[in-house]
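Have a look at the structure first.

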Amino acid sequence: MTTPTPAEVAIGPVLTSATWWEATAEGRLLLLRCPVCSTTWLPWMPYCPECGPASVPYVIESGGRGSLYSWVVIHYSVSAEDKTPFTVGSVLLEEGAMIYGRLTADAAASPRADTLLVAVFAQRDGRTVVDFAPR
Amino acid sequence: MPISKTVWNSAAIVGVGYSPLSRGSGVPVLDLALQACGGAVADSGIEPALVDGILSFSFNNDSAPVQAVATGLGLGDLTWALDCSLGGQAPCYLAIAAVQAIASGAANAVLIYRALNGRSGARVGQARLPGAAADQRYAIGFDAYAQNIALWGQRYLIETGQRCDDLGAVPVAQRRYAVDNERAVLRKPLSYEDYLAAPMVADPFRLVDCTIEVDGACAILITRADIARNLKHPPVQFLSGGYRLGHRSGLDAGDASLWPDLTRNYTTILADELWGQAGIRPHEVDSAQIYDCFSSSVLINIEGLGLAERGGGIEMIRSGVTGRDGRLPINTNGGLLAEGYLHGMNTLAEAVLQLQGRGEVKTSRPPQTCVVTSGAMMDGSALVLAAAR
């Protein structure tokens, strides 16, 4: 493998969040992983938060399994006013990335820290989004 | 490397100005900014011609620019001016920047202000936090500032073994101060029963765990130490200060998904430097003005700074330590929770007034030192200030 020129490093891989949404629409949850330090992350961004442009990340597909890190029960929402209350969780995926997702009614009934969850795909406002259900 | 003692000693805070705080000012933001900035200049007694720097911060263009303020105040040539797009992490940070400008010779006297029609105009509580991580949040209806901070508050409660209702200690204690603060927007007493009866907004936050949005402006004036000595009020000294944008701080103000620990924020990173350079320990400081956009932010900030033990903030507040007769009065204006949401500019101004013996609310022992924080999450700033010696 040849050492990239500074220009190549500066440009980096072309990763837009459209890639992420296209996969979600197909029922796949994509994450980014660093080949150097194995850090795995969302949100979608072109470089590793630990290594920066020194490495080029690749895309992996998550198994969708995670645990509940924190949550908020939303009683007033700016964009989904008519659908409250609902619960948004901060979910730590087994691959190491943290993701925000709504909890299904079952998962939201009595949320507890570190509850085991699994990603499910739901249609909302014309988009496929990732929710989390108990497992 | 910390900012040198020589830099801190080169400047002092000499004036404070406010516009009235209200739910509907009925005037343009520029008028509010001019009231606060003109007020701070007059309050200090400085010759207005000496003012040659202005700094301000805003969110989603909700303020009036420094150019307009300089013009409206009839100032001469400025040598230093800056409009920053920042939130509550800014006030102490901008004070530090002003001190650095003065120490370097770039300015002699610098105004810092925050002005907004935050209630009758664009409301931050309903504003989107734009940025690269936002589209995923908005798609799931996770779309308001209170909700972001609620994730921090909930995780804090989980890890410290406390319950949502326990957060009430913070707004109840701060309201006791606000009752006696003429400037505060919320002055009705708040009992713990009132707290429990308040509606849930973003569980674990009830309405009264959230700052009250207001129209208003607040300004302070910082000048050269030699000028400061000959003005109206005793100058407030800088002992130390710092800003931190923590590692993995995310792609926008609402993105904490890369932050490793929602129970610890920038204060944890900043604490050692802050106390080390100030030459006092956390248990020795005798007042604190702590950024409180939401109740849990007070707890994470005071524990991060070492003012309370991990998980001990609520019990400390309940015990009266932070009240007017306590060892460490905190948020003596009622805080952003009750005085009003000027994004922490009023938090810093309250520290100045208390150290000058001019607070609306008098504590039983006038403070000689004060720690001030700006910010609740991944980045923020803090100062340790002292009364004139």
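## Chain A at a glance

Of the 135 residues that make up chain A, 48% count as buried. Keep in mind that this is a predicted model. The accessible surface of the chain comes to about 6600 Å², and carbon and sulfur atoms account for 56% of that area.

## How chain A is put together

Chain A has three helices and eight strands.

What about contacts across the sequence? Take the contacts in chain A between residues at least 6 apart in sequence: 50% of them join residues at least 24 apart.

## A helix pair in chain B

Now over to chain B, where helix 6 (residues 145-160) packs against helix 11 (residues 295-304). Their axes sit 9 Å apart, at an angle of about 60°. Angles from 65 to 115 degrees would count as roughly perpendicular, so helix 6 of chain B is oblique to helix 11 of chain B. The crossing of these two chain B helices is left-handed.

## Who touches whom

Which residues meet where helix 6 of chain B contacts helix 11 of chain B? Helix 6 brings B:Ile149, B:Trp152, B:Gly153 and B:Tyr156, while helix 11 supplies B:Ser296, B:Ser297, B:Leu299, B:Ile300 and B:Glu303. Sorted by class, that contact has five nonpolar, three polar and one charged residues.

Terms used
Residues are numbered from 1 along each chain as its sequence is written. Chains are lettered from A and ligands numbered from 1 in the order in which they are written. This is a predicted model: local features need pLDDT of at least 70, side-chain atom pairs count only at pLDDT 80 or more; totals for chains, interfaces and linings use all residues. Side-chain values use heavy atoms; hydrogens and water are left out. Helices (H or I, at least four residues) and strands (E, at least two) are DSSP runs, numbered from the N terminus. Buried means under 20% relative accessible area, exposed over 50%, partly exposed in between (1.4 Å probe, protein chains only). Contact means heavy atoms within 4.5 Å. Accessible areas come from the Shrake-Rupley method with a 1.4 Å probe; for residues, only the protein chains shown count as cover. Axes are lines fitted to C-alpha atoms, for helices over the stretch in contact, and angles run from 0 to 180 degrees between N-to-C directions. Angles under 35 degrees count as roughly parallel, over 145 as roughly antiparallel, 65 to 115 as roughly perpendicular and the rest as oblique. A crossing is left-handed if the near helix is turned anticlockwise from the far one by less than a right angle, and right-handed if clockwise. Ala, Val, Leu, Ile, Met, Phe, Trp, Tyr, Cys and Pro count as nonpolar, Asp, Glu, Lys and Arg as charged, and the others, Gly among them, as polar.
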